[in-house]
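This report describes selected helix packing and sheet architecture in a predicted model. The sequence and structure are shown first.

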Amino acid sequence: MDLAKTESLDLPQAEPAKGGSVGAPRLTWMERAIVPAGVFLLLIGLPWLHPGYRLLSLAVSTGVNTIALCGLAILFGQAGIMSVGHAALMGVGAYAGAILARDLDMSFWAALPCAALLAAAVAGLVGLPSLRVGGHHFVIITFALCGLFTIVLTNGGAFTGAATGLDIAPIGTVFGVNFSKLQNLYLLAAAFVLASIGLMRLVMTSSYGRTLRSIRENETLAAALGVNVGLHKIVAFMISGAFAGVAGLVQVYFLQHISPDLYGAFPSVYIALMVMLGGPRMLLGPLMGAFIVTFLPEVLNLDPIDARIAYGVGLILVILLLPGGVMAGLAHLYLSCRRCVVRS
Amino acid sequence: MIALEVKGLRKTFGGVVALDGIDLAVGLDDIVGIVGPNGSGKTTLFNVVTGALKPSAGSVRWLGEEIGGMAAYQIARKGLVRTFQQAMSFPALTVRENALIAHEHGARSGTRAVVPDALLRFVGLDGREDEIAGSMPFGNLRRLGLALALAARPRLLLLDEPAAGLNDSETEQLAGIIRRLPGLGVGVCLIDHDMNLMTSICQRLIVLDFGAKIAEGRPEDVLNDRKVMEVYLGAPT
C-alpha cells in the first residue's frame with residue numbers, strides 16, 4: 001500500500017474531542033522520577049535506619065511477595081488474566097530450591113534458574129489447556145491448581161516432607177557477604193525486588209507489553225489483526241510463573257522451613273488481593289500492595305482473624321472506590337491537587 | 001485475478017443452517033458488496049472466511065491456498081483482514097498504540113509497510129494520536145476501526161457494516177476512503193444496508209437470503225432482479 005500519493009487528498013477532519021483534555025495524565029520527568037527515587041533510597045537504606053528484627057523480617061516478606069506480584073501484575077495488569085494460583089507457583093520454586101539443595105547439594109545461585117524455569121514450565125502446562133477457555137474458568141482452574149499442589153505435597157512422603165515440610169540451610173557466605181545475617185538477606189531480597197520492578201517496566205514499555213494489553217482490551221479484535229492470542233496468553237502466564245518461582249526460592253532461604261500450607265488456596269488469594277490493592281497497572285503497585293497487606297496487621301495490631309476481615313473490607317473498598325488500586329488512586333489524587341494549585 | 005474463492009461453503013449451528021452452500025469469488029482490485037435481509041448469513045460468512053468460526057463444509061481458498069478452519073490470526077497474517085459491525089478498538093489505549101498493535105502484527109508480506117501515523121492521517125485521525133481510543137466519539141471509532149484493519153497490511157479488506165451509525169456526510173467520507181483502496185492495492189468486500197452507498201461504490205453486488213446466494217451482478221441489474229425484489233418487498237400477489 002502506498003499512501004504517499006494520498007497526502008494531497010482533501011480528507012475531512014475528524015470530529016473534535018468533546019470536553020477538556022483527554023488521554024493519559026501528563027507528568028513531567030521530575031514528577032515521574034521523584035517517587036521511584038525515594039522508594040529506591042528507602043529500599044536500599046532501610047538497614048541503616050536501624051529497624052528492629054521484626055520489622056526487617058516483615059520487610060523481607062514484603063520483598064518476597066513483591067517479586068511474585070511483579071509477575072502477576074504483568075499477567076493481570078497487562079494481559080488482563082487473573083490467577084489465584086500464584087502461591088502454588090511460588091511453592092514450585094520453593095520446593096525446587098529445598099529439594100535441589102538436599103538431594104543435589106545445589107546452592108541458592110545454581111537453583112535460581114532451575115526454580116524460575118520449573119515454575120514457568122508448570123505454568124505453561126497448566127495454561128496450555130486452561131487458557132483456551134479464559135476468564136472465570138481460568139481463575140477457577142488456577143484455584144484448583146493450589147488445592148492439587150497442596151495435596152501432592154502433603155502426600156509426597158519423604159520427597160516433599162509430607163505435612164511437616166522441608167528444612168533448608170541458609171545461603172551462607174558468598175564473596176565474603178554472610179547472608180545468614182538478616183540485614184544482608186534483606187539487601188539480597190531488595191536487589192531481587194528492584195530487578196523484578198525493572199523487568200516489569202521492561203515488559204510494560206516494550207512492544208510485547210503492548211501486545212499483552214491488546215489481549216486485555218479486546219481479544220477478538222487482537223486476533224482479527226494477527227495477534228496470536230493463545231500463544232501470548234500462555235507466555236504471559238509462564239513469565240509470571242518464573243517471577244513466582246524466584247519469589248518462592250528467596251522465600252525458602254529466608255524461612256529455612258517450608259510446609260504445604262504456605263502454598264495453598266489462602267496464600268494465593270492473598271497474593272491476588274495484594275496485586276489488586278496495590279494497582280496492577282502501576283510500576284510500584286506490587287510493592288505497595290505487598291507492603292499494605294504485610295504491614296497493616298502489624299501497624300494496626302490486628303490478630304489474624306481481624307486481619308482477614310480487614311483485607312476483605314479493604315478489597316471491596318478498593319474495587320468500589322479505587323478500581324486502579326492504591327497507587328493509581330494516589331496518582332490521580334496528586335494530579336487533581338496539582339490541577340487545583342495550577343488553576344488558583 | 002481471483003484472490004478469495006469460496007466454494008460450497010456451509011455453516012450450521014445445531015439444526016440451524018446459517019450458510020447453505022455459498023460460492024463467491026473476489027479479486028484484489030474489486031469492490032464487492034454483500035447485501036441481504038437481517039439473518040441472511042452475511043456476518044456469518046465473514047466470520048467463517050476470517051477464521052472466527054470453523055466451516056461445517058465447503059472450501060475457502062485465499063491466493064490459491066485452502067484457509068478454511070485456520071485460526072483467525074493466521075488468516076489475518078495472510079493479508080485477509082476484517083472489521084467488525086460494532087466499532088471495535090482497544091479502548092484504554094491511545095490511538096497510536098491501537099495502530100501500532102495492528103502494525104506490529106498483521107500481514108507478514110505482500111504490500112509495503114506503512115507507518116501508522118500516515119494511516120491515521122489517511123482516515124482523518126491526524127492530531128488525535130495521543131487520545132484514549134475509548135474516549136472518542138462514535139464516528140472517530142469507526143475511522144479508527146478502519147485504520148486498524150489497514151495497519152495490518154491487508155490485500156483484501158472485509159468491512160462489516162462500515163457505515164452503520166454514521167450520518168450522511170460521514171458516510172460520504174467513508175465512501176471516498178473505500179473507493180481509493182483498490183488503487184492502493186487493497187481489494188474490498190463489504191456488507192452494508194445503505195443501498196445508496198452500496199450502489200455508488202460497488203462494482204458487483206451479491207445478495208444473500210437464508211444463507212444462500214440468490215443473485216449476483218452489477219448493482220442496477222441485481223436490484224431489478226425479481227427474486228431480490230421478492231426478498232426485500234415480499235412476493236407479488
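Helix 13 of chain A, residues 325-343, comprises 19 residues and spans 27 Å from its first C-alpha to its last, close to the 27 Å expected at 1.5 Å a residue. Its buried residues are Gly325(A), Val326(A) and Met327(A). The cover over these buried residues includes helix 10 (265-278), helix 11 (285-300) and helix 12 (304-321) of chain A.

Helix 10 of chain A also takes part in a crossing with helix 3 (residues 86-104) of chain A, where the axes come within 7 Å at roughly 110 degrees. Since angles of 65 to 115 degrees count as roughly perpendicular, helix 3 and helix 10 of chain A are therefore roughly perpendicular to each other. At this contact, His86(A), Ala87(A) and Ala88(A) of helix 3 meet Pro267(A), Ser268(A) and Ile271(A) of helix 10. The contact residues divide into four nonpolar, two polar and no charged.

Chain B contains an open sheet of four strands, ordered 2-1-4-5 with antiparallel pairing. Strand 2 and strand 5 of chain B stand at the edges with a single partner strand each, so one side of each lacks a neighbour in the sheet. The antiparallel strand 1 and strand 4 of chain B are joined by five bridges, and Glu5(B) stands opposite Arg61(B) in strand 4. Helix 1 (residues 42-49) of chain B packs on the sheet, touching strand 1, strand 2 and strand 4, and its direction makes about 70 degrees with that of strand 2.

| Strand of chain B | Residues |
|---|---|
| Strand 1 | residues 2-13 |
| Strand 2 | residues 16-27 |
| Strand 4 | residues 57-62 |
| Strand 5 | residues 65-66 |

Notes: Residues are numbered from 1 along each chain as its sequence is written. Chains are lettered from A and ligands numbered from 1 in the order in which they are written. This is a predicted model: local features need pLDDT of at least 70, side-chain atom pairs count only at pLDDT 80 or more; totals for chains, interfaces and linings use all residues. Helices (H or I, at least four residues) and strands (E, at least two) are DSSP runs, numbered from the N terminus. The expected span of a helix is 1.5 Å times one less than its number of residues. A residue is buried if 20 or more other C-beta atoms lie within 10 Å of its own, exposed if 12 or fewer, and partly exposed in between; C-beta atoms are placed from the backbone. Two residues are in contact if their C-beta atoms, placed from the backbone, lie within 7 Å. Two strands pair if DSSP finds at least two bridges between them. Axes are lines fitted to C-alpha atoms, for helices over the stretch in contact, and angles run from 0 to 180 degrees between N-to-C directions. Angles under 35 degrees count as roughly parallel, over 145 as roughly antiparallel, 65 to 115 as roughly perpendicular and the rest as oblique. Ala, Val, Leu, Ile, Met, Phe, Trp, Tyr, Cys and Pro count as nonpolar, Asp, Glu, Lys and Arg as charged, and the others, Gly among them, as polar.
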